[in-house]
Structures are given as C-alpha cells and as structure tokens.
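Q: Please take a close look at one part of this model, the overall fold of the chain. Keep it brisk.

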Amino acid sequence: MKLYKTIKELSGPLLIVEIPIDANIKYEELVEIELADKAIKRGRVLEVSEKTAIVQMFEHTTGFNIKSSKVKFLGRTMHLAVSKDMLGRVFDGACRPKDSLPQIIAEKELDINGSPINPCARDYPNDFIQTGISAIDGLNTLVRGQKLPIFSGAGLPHSAIAAQIARQANVKGQDFAVVFGAMGITFEEAEFFQQEFQKTGALERAVLFLNLADDPVVERITLPRMALTCAEYLAFEQDIHVLVILTDMTNYCEALREISAGRKEIPGRRGYPGYLYTDLSTIYERAGRIKGKKGSITQIPILTMPEDDKTHPIPDLTGYITEGQIMLSRDLHNQGIYPSIDVLPSLSRLKDKGIGLGKTREDHASVLNQLFAAYAQGKEARELSVVLGESALSEIDKKYLEFANKFEDRFVRQKKDENRTIENTLNLGWDLLSILPRAELKRVKEEHIKKYLKNYD
Amino acid sequence: MSDAHMYEVVKVSDKKLIGEIIKLVGDQAYIQVYEETSGIGPGEPVYLTARPLTVELGPGLLGSIYDGVQRPLDEIYKTAGDYISRGIDMAGLSRTRKWEFTPRLKKGEQAEPGVIIGTVQETSLIEHKIMIPPAHSGQISEIVQKGKYTVEDVICKIGNQEIKMKQIWPIRQSRPIIKKLIPSEPLLTGQRVIDAFFPVAQGGTACVPGPFGAGKTVVQHQLAKWSNVDIVVFVGCGERGNEMTDVLQEFPQLKDPKTNEPLMKRTVLIANTSNMPVAAREASVYTGITIAEYFRDMGYKVLLTADSTSRWAEAMREISGRLEEMPGEEGYPAYLSSRTAAFYERAGKVKCLGGREGSLTIVGAVSPPGGDLSEPVTQNTLRVTRVFWSLDEKLAYKRHFPAINWLTSYSLYCDKVDDFIKKNTSEDWPQMREKAMSILQKEAELQEIVRLVGVEALSAEEQLLLNTAKSIREDFLHQNAFDEIDTYTSLQKLYLMLKAILAFYNLGLKKLRENLKLEEILMLPFKEDIVKAKIMTEDKLEKSIKAINETV
C-alpha cells in the first residue's frame with residue numbers, strides 16, 4: 001500500500017491530499033495518517049476527484065504537519081467487527097474497548113452503513129412490549145420493532161425514563177439485549193446509565209458505545225451506525241430482541257451541521273444540511289422486524305428539543321420518520337410528576353395492531369380513546385377555569401377538571417421502580433373514568449362498561 | 001462523454017449502479033446515481049444506455065410493488081434477500097409470465113395510436129387493454145391469434161413496426177391525449193367529511209397538508225381503500241418502512257366493497273422508503289404518475305395518492321444543493337414551483353387517444369415542517385390544487401379523526417359535483433350542506449363568547465345551535481377508520497345522517513318556541529338515534545327521520 005506525502009491543505013478536520021491519476025481511491029474509503037511521531041490518526045474519504053482527495057479526520061488535527069504527515073488509503077470502507085462477545089462490553093466511538101478488556105475476536109465484519117431493508121422483507125411490528133409505565137403502555141403503546149423517540153428538553157428526566165424502560169421491558173423467557181449509543185453526552189450522564197445497567201444486572205446483556213462530550217465530534221456520526229450494525233447482527237443473526245437507545249440525537253445533528261459547515265455546503269433550515277432528513281432516516285429506519293427472523297430491533301432515540309420547541313428541525317424531521325413520539329412536559333415536571341409524559345401530543349403510530357384481545361386486553365383500544373378524549377376535555381376545562389375561575393364551570397366541566405387532575409396524579413405519576421402490569425394500567429384507567437357520568441363515556445362499549453367499570457349500577 | 005444525452009440513463013462502474021445524466025458541460029457529464037455510492041472512485045467505467053429514465057407498461061403492473069425506478073421489490077426479495085443491495089437490475093414486468101391475449105382487431109384494419117388491439121384479463125377486477133402506443137399508426141399487416149404470450153412476444157405488426165404487449169414510456173413526459181375535459185363526477189371516498197363538505201372530483205387534485213401525527217397517512221390509506229375508482233396507484237415517497245409493510249400486508253387482505261375481491265388486484269404500489277437513495281425518491285412520483293396515466297388511457301378512473309410530496313420536494317432540494325445551484329426559498333430550487341405545477345397538471349378528466357374517457361385524480365400529502373403552512377412546498381401545492389384538506393393537530397389530540405378542520409379546508413369542486421350528488425340523493429342537498437356549514441361557523445363565533453363569559457350568557461336558541469354543532473362534529477364528522485361499519489359511509493347514508501341532525505335542529509327550534517326547555521328537548525328519544533346513526537342501517541335511519549319530521 002502506497003504512502004502519500006502530498007497533503008496540500010489542512011483546515012479543521014479536513015485534509016486535502018494530492019493523488020496521482022492511477023491512485024484508484026474510492027469514495028468513503030478509510031484513511032490512516034501517520035504523524036512525524038509515528039502516531040496513527042484515522043479518517044475517511046469524503047470526496048475524490050482525479051487529482052485530489054478530501055479526507056475527513058475522525059480525530060483532532062492538532063499537531064498535524066503538511067510536510068511530515070503520511071497518508072495511507074486502506075482500500076476499504078468502514079466496517080465493524082461483530083461478535084456475540086460484544087454483550088457486556090463498553091466501546092468508544094471508534095469501537096475500541098473502553099473497559100480495559102482486550103479487543104473482541106470478530107466473527108464477522110459488517111459495513112456500518114447497512115443497506116435499506118426491502119419493505120417486502122419486513123414483518124409488521126405487532127407484539128406488545130410492556131414497559132411498566134402507564135402513560136406509555138396504556139396510551140402510547142410500544143411494540144417490538146418500532147422506533148419511538150423521546151422528545152425531551154434540557155433538565156427533564158428523559159435518561160431516567162429511558163433507563164426505566166430498558167430495565168422493565170426485559171421480557172422474561174425471551175432473549176433480550178440493550179444496545180446503548182451515547183453521542184456527545186456528559187461523563188455523568190454516561191455514568192448514570194452504566195450504573196443503572198450494572199445495578200439491575202442488565203450490563204451483561206448490554207453493549208455500550210460511548211462518545212462523551214469531549215470526544216471527537218466526527219465519531220458522533222459513525223457511532224449510531226456502529227451501534228445499529230451491532231444491533232442488526234444480534235437481532236437478525238443471533239435471534240435476540242434488541243432495544244437500541246440512542247442519546248442524544250440533538251448532539252448527533254449538531255455534529256452533522258458542524259461537519260457540513262466545514263465542507264462549505266449550502267445550509268438548509270437553521271444551518272442544518274439539506275440532507276438532514278435523509279441522513280436521519282438512514283439511522284431510524286434500521287429498526288424493525290424481518291420475516292422469518294426471530295429477533296427484532298426496537299429503537300428509542302432521545303433528543304432534547306432546543307427551547308422545548310418541537311418545530312425545531314431536529315424533532316420535526318425526526319417526527320416525520322419515527323412511528324410516533326413520547327413527549328415530555330416541563331409543566332408536569334415542575335409539578336413534581338414523574339414520569340412527566342404529556343400524553344396528548346405523544347403518539348404511538350403502531351399501537352393499533354399491538355393492543356386488544358390476545359395482545360393486551362379487549363377493552364384497551366376503547367379505554368385509550370376515552371381517556372384521551374376525557375383528558376383533552378379536562379385540560380380545556382382547566383384553561384377555562386384559569387380565565388373565569390372554577391365557579392364559572394358547568395357541573396360537567398368540573399367533573400372533567402377533576403378527572404384531569406386525578407389522571408395526572410394517579411395514572412401518569414408513578415415511582416421510578418414501579419412496574420405496572422397492563423391489567424393494572426387499564427383498571428386504573430377505568431377507575432378514573434368512573435369519575436365521569438356514564439352518559440359521557442361515548443367511546444367505550446356498553447359490554448366493557450358492565451365488565452370493567454367498578455361501581456357499575 | 002460527447003455521445004451522452006441529457007437525462008439519459010447510465011450504468012456506473014462494474015457494479016452497474018443506475019444513474020441519470022443531469023448536466024452536460026462540454027465533454028463532461030454530471031451523473032445522478034440512484035444508489036449508494038460508497039466504494040466508487042475515479043477511473044471507473046460508465047455505460048450509456050441511450051434511453052431516458054423510462055417505465056415498462058403492460059400486463060403485470062397490477063398488484064406489483066416497485067421501488068422509485070420500477071424495480072419489483074417482491075422479486076428482489078426473492079432473489080437478493082432481506083436487504084436491497086446495490087446494482088440489482090430487474091425488469092419491471094416479468095419476462096416469462098404468459099398472458100391470455102384476445103385480439104380485437106383484424107389484419108388489414110387501420111390502427112391509430114390509442115386504439116385497442118386486444119385485451120388481457122390481468123386480474124379478476126381489471127381487463128388490461130393493449131393499446132397501439134403513441135406515434136405508431138398504419139394498416140395492420142399481422143396480428144396473432146387468441147392465446148398465451150409474454151410481454152416480449154410480438155403480437156401485432158403495423159407495416160414494419162412490431163408491437164408488443166409491453167410499451168416503454170419516459171417518466172418525465174406526460175402521455176399524449178386528445179383533450180382535457182371539465183371534471184363533473186365526485187370521487188366518492190366513503191369519508192363523510194370529504195364527501196359531504198370537501199369533495200374532490202374524478203380528475204381533480206387535492207392537497208392534504210398536516211403536521212406529523214395529524215393523520216395524513218390514515219386519510220391516504222382510507223382513500224386508497226374506499227374510493228370509487230378502478231385503479232389506485234399508491235406512491236410511498238420517502239415514507240416509513242414499517243408503514244409500507246402495513247400497506248403491503250393489509251391491502252391483499254382488504255376486499256373491494258363492490259366486488260369482494262382483494263384490493264391489491266386493482267392497486268400498484270410504489271414504495272421508496274426514506275432510507276433508500278434520494279434520487280430514486282425524486283423519480284418515484286414520476287414513475288407512479290406515468291403508470292397511472294397508462295391506465296387512464298385505457299379509459300379507467302385512476303387515483304394516484306402520493307405520500308408525501310414534501311419528501312419529493314426535499315429530494316429535489318438535496319440534489320439541487322449537491323449541484324450547487326442557486327437556491328430559492330428555504331434552500332429549495334427555484335424550479336420547485338414549476339415542477340410542482342407540472343406534476344399536478346398531469347391529473348384530469350381526459351379524452352384519451354382512441355376516443356375513450358378516463359380520469360386521473362391526484363391526492364398529494366404535504367408534510368410541512370412544524371405544521372407551518374406558509375412554507376414553500378405547501379404554498380406551491382395550494383396554488384395548483386383545487387381541494388385543501390387541512391389537517392389539524394388540535395383535533396388529532398382530541399382524537400377527532402379524520403382531523404380535517406372544517407373551518408379552514410375548502411373544495412372548489414362543490415358546485416361541479418352537486419348535480420351528481422343531487423341525482424343520487426335529493427334536490428335539497430346543497431342547501432343542507434350550506435346549513436350544516438353555517439352552523440359550524442356560527443359555533444366557532446359562539447365559542448369565543450363562551451370562552452369569555454360562560455355558556456349561561458347564551459340564549460336557548462344559541463345553546464341549541466351549539467348542541468347541534470357538537471352533534472355534527474361528533475356524530476357526523478367524526479369517523480372511526482378502524483371500525484368495521486363506520487369506516488365507509490355510502491352517499492345515501494351520509495345524506496340521511498346529516499338530514500337527521502338538521503331535522504332534529506328544526507324540531508328543537510320549534511319546541512323552543514313552544515316554550516319547552518332545552519334540557520327537555522335534548523332528552524327526546526330521537527337524540528339517541530342520531531348518536532347511533534353511524535352504526536345504523538339506512539332503513540332504520542330513514543324511519544327515524546320520518547318520526548322527527550312528523551313531530552315537527
């Protein structure tokens with residue numbers, strides 16, 4: 001393999017290398033740079049023409065020198081060495097062990113970019129996952145193979161909720177694993193997840209990829225792809241049900257913007273590159289089930305919305321790709337309610353096929369609709385009472401207001417280690433519905449009222 | 001590459017990736033590759049194919065599922081496995097499958113473009129008409145007997161020109177017609193809010209913008225399932241993989257309400273999920289509409305739904321950005337507006353070559369960022385479409401579906417299709433619709449007052465109106481797509497349902513004048529019938545209306 005000493009330009013993480021016409025360098029090929037002190041730094045080809053190649057470094061270019069640095073093109077694109085031994089291990093954004101154990105022995109090398117799954121090969125996700133959190137199980141049901149992001153804001157308890165889901169969604173009797181990808185999060189946050197997994201013994205069934213806030217920005221781009229390649233291997237070749245948690249997607253998008261700006265691309269909305277949607281889809285779309293395969297990939301990406309604004313490009317584009325969203329509310333959080341899930345703007349698009357008789361319970365769909373409608377009306381009554389005072393409300397509105405308050409206090413609120421079964425969640429829902437007059441229960445079936453409403457007369 | 005032509009299809013490198021020439025400068029060609037390009041470098045060969053991006057048209061389209069450049073995904077799944085790997089080249093129509101061809105013309109007859117040479121019963125629902133392709137005409141010198149042929153077999157000769165069952169047509173060019181006609185029949189969807197208030201005509205265009213989670217996709221699915229058209233072309237442009245799978249698994253199960261045959265037998269699916277290459281996404285809507293036009297030319301009523309055209313526009317933006325073109329609004333290329341207009345203009349009720357009448361209706365979903373309708377894609381689409389179904393996030397939160405806002409939506413086809421609806425229901429339909437609309441509008445005004453001073457400040461008549469408006473909203477406009485009966489409403493039943501609500505309103509007004517209290521009126525037994533109207537049969541509903549009218 002030839003070494004080139006023809007670096008022409010260095011700017012930020014980008015290197016421009018002059019190459020001979022017959023160099024045969026490929027797009028996205030991996031590159032190693034040998035510095036004067038024999039240190040090896042890595043990058044990949046971003047652009048190549050007949051005379052020059054633009055190389056993007058994965059690491060800081062501090063200490064690079066145009067004259068003495070040597071460039072080696074490796075002749076292959078980025079691959080991840082995978083093996084079942086990855087379970088229980090911690091890696092950095094370049095898949096180097098971070099837990100002072102030796103590098104794994106690869107069973108296979110896979111292209112981290114993956115390939116799109118043929119829609120004909122997909123199997124529709126319809127297996128209910130019980131997370132033990134009422135606001136999710138009851139109203140925004142998660143199913144296996146779904147991608148359901150948590151839309152959060154700075155300071156909200158998204159990490160605790162994600163950890164609780166990872167802990168409680170562990171279905172007994174099924175081979176289950178968590179792949180955790182952290183992009184640009186702080187040491188403390190990463191430590192929180194590690195400890196959570198360790199405490200509950202989930203660490204042996206988890207693969208952690210960590211890129212902390214002070215690690216190279218470029219690695220944030222490849223990290224989720226590595227995590228998902230690992231997840232695909234575990235799910236579709238080792239028959240494991242994999243839950244992938246990616247945090248924080250906002251940092252990922254920031255990194256993408258940083259690199260795009262470095263490449264002098266024409267910016268789209270708020271300076272993010274125009275291909276942000278396509279780029280995000282190549283991450284999110286790697287969730288799902290495949291016909292004839294036992295395993296599955298369920299994704300829970302976490303993103304913090306800048307200024308809690310869900311029209312910001314990151315949550316906006318994410319929402320268009322993912323199958324719903326779990327929205328956290330600062331209001332509820334300030335009231336001391338955990339988990340502060342705002343159920344109205346939250347949505348699980350795939351819930352309809354994962355609930356009902358044989359999956360959860362026959363009354364689930366109608367209870368869900370009734371709770372949504374009643375809570376929406378209760379919140380409207382609350383707004384009205386803020387303007388006019390509670391005394392101005394009609395009797396029926398007062399009932400709805402009472403319902404909304406109790407709904408938040410008893411249905412949404414639960415302890416961090418409280419694992420509610422779906423029966424408990426639905427019964428709790430019926431319990432709350434009994435606050436309302438019978439005539440208002442338009443969306444539940446008569447037979448279900450008879451069967452499940454407690455003080456039925 | 002001086003032999004290259006603009007928009008010619010090329011194969012890049014020995015992996016044979018599909019590409020298209022989008023710019024020529026001197027001896028250089030700019031190629032847009034429709035597949036992932038990692039691992040490709042300078043010095044690799046490029047093969048010219050001497051044809052623009054085309055689709056194959058002929059028997060075998062129905063029931064197929066294609067990607068954006070008409071590669072059959074089900075066939076790829078069988079041969080290449082779970083993932084779509086690069087460089088797969090597969091023809092859109094099966095080369096080996098034989099079709100029973102019945103000739104209609106005889107040797108010696110004169111044939112013009114669009115004339116039907118013969119037919120193939122492609123599925124139990126649809127007879128595929130084999131037409132003389134555009135730009136072919138003359139005397140038939142040879143035609144085959146009735147029998148089984150593949151799409152590649154020559155079935156007819158006009159002079160020296162060979163005609164096969166398969167035609168090819170460039171996707172960016174609309175198929176020729178004799179002339180356009182004014183649409184006059186409604187596209188009945190079985191969705192009450194659409195059929196009653198915001199109808200779209202056969203051959204018309206509609207735009208469904210809405211933020212995510214507002215129910216765009218469900219509306220599109222409902223249209224594809226229930227519309228009274230012969231053929232549905234469903235373009236999933238940059239959509240979710242799981243959603244496409246839902247369509248793929250659900251459609252073969254669904255039965256056509258009229259014939260009880262699987263809906264797939266009249267459907268063509270184009271699935272280009274968001275993680276497939278962006279250039280194929282840009283092409284997918286054109287692939288879809290060319291196939292739709294081909295069926296229209298046979299004299300069928302065709303519906304094309306595109307979900308979502310925003311992804312298509314974004315694909316244009318991405319490509320334009322890579323070409324370093326001067327951007328227009330929000331980074332979109334300056335030609336966004338003209339491309340959008342040209343696309344929707346391919347809809348219409350037309351007199352096709354060969355003299356038949358066919359129609360092509362386009363319903364395009366738009367996904368405006370943040371639900372902000374002032375963005376360029378929505379605005380450009382609204383300028384060229386004539387129906388606007390405004391999906392409202394707030395309604396969706398209340399689980400009011402379809403979440404089509406009755407105050408902001410509009411349809412410019414109302415008066416055009418009124419005659420048809422009057423003929424099929426009753427003369428008083430336009431008045432009823434206006435009355436119901438005015439009640440809803442009045443409700444919005446009254447709600448403002450209620451918000452300020454409380455409901456007690458309203459007169460009894462106004463309170464009755466509020467109650468009626470609530471009834472229209474909850475018992476008429478709200479429709480459950482997942483309920484077996486409620487998911488589809490016939491025109492007759494729709495008429496009766498609205499009639500019952502308005503009759504009750506009239507009854508209420510009368511009783512108020514007779515000094516009956518509002519509470520007492522609302523206790524009248526008819527009220528319950530209205531609530532249950534959704535799941536009542538038409539006869540029962542008719543009786544109930546009669547009873548209300550008699551009391552009046």
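With 457 residues, what radius of gyration would a compact globule have, and what does chain A have?

A: The model is predicted. With 457 residues, a compact globule would have a radius of gyration near 23 Å. Chain A has 25 Å, which agrees. Along the principal axes, its C-alpha atoms fill a box of roughly 85 × 50 × 40 Å.

Next, the packing. In chain A, 59% of the 457 residues count as buried; here, buried means under 20% relative accessible area. Consider the contacts in chain A with a separation of 6 or more: 71% of them come from residues 24 or more positions apart.

Now the surface and the charges. Chain A has an accessible surface of about 17700 Å². Carbon and sulfur atoms hold 49% of that surface. The side chains of chain A include 61 positive and 64 negative ones. The centres of these two sets lie 2 Å apart.

The secondary structure of chain A comprises twelve helices and 19 strands. Two annotated spans show how parts of the chain are built. UniProt, in an unreviewed entry, assigns residues 10–75 of chain A to "domain: ATPase F1/V1/A1 complex alpha/beta subunit N-terminal". This span is 52% strand and 0% helix. Its end C-alpha atoms are 22 Å apart.

The other span is residues 354–452 of chain A, listed by UniProt as "domain: ATP synthase A/B type C-terminal" (unreviewed entry). Residues 354–452 are 63% helix and 0% strand. The end C-alpha atoms of this span lie 21 Å apart.

Note on methods:
Residues numbered from 1 in each chain as written. Chains lettered and ligands numbered in written order. Predicted model: local features only at pLDDT ≥ 70, side-chain atom pairs only at ≥ 80, totals over all residues. Heavy atoms only, no water. Helix = DSSP H or I, 4+ residues; strand = E, 2+ residues; numbered from the N terminus. Rg over C-alpha atoms; globule rule 2.2 N^0.38 Å. Buried < 20%, exposed > 50% of the residue type's maximum accessible area, 1.4 Å probe, protein only. Contact = heavy atoms within 4.5 Å. Areas by Shrake-Rupley, 256 points an atom, 1.4 Å probe, with all protein chains shown as cover. Lys, Arg positive; Asp, Glu negative; His and termini not counted. Charge placed at Lys NZ, Arg CZ, Asp CG, Glu CD. UniProt positions renumbered as here; feature names shortened; annotations may be inferred.
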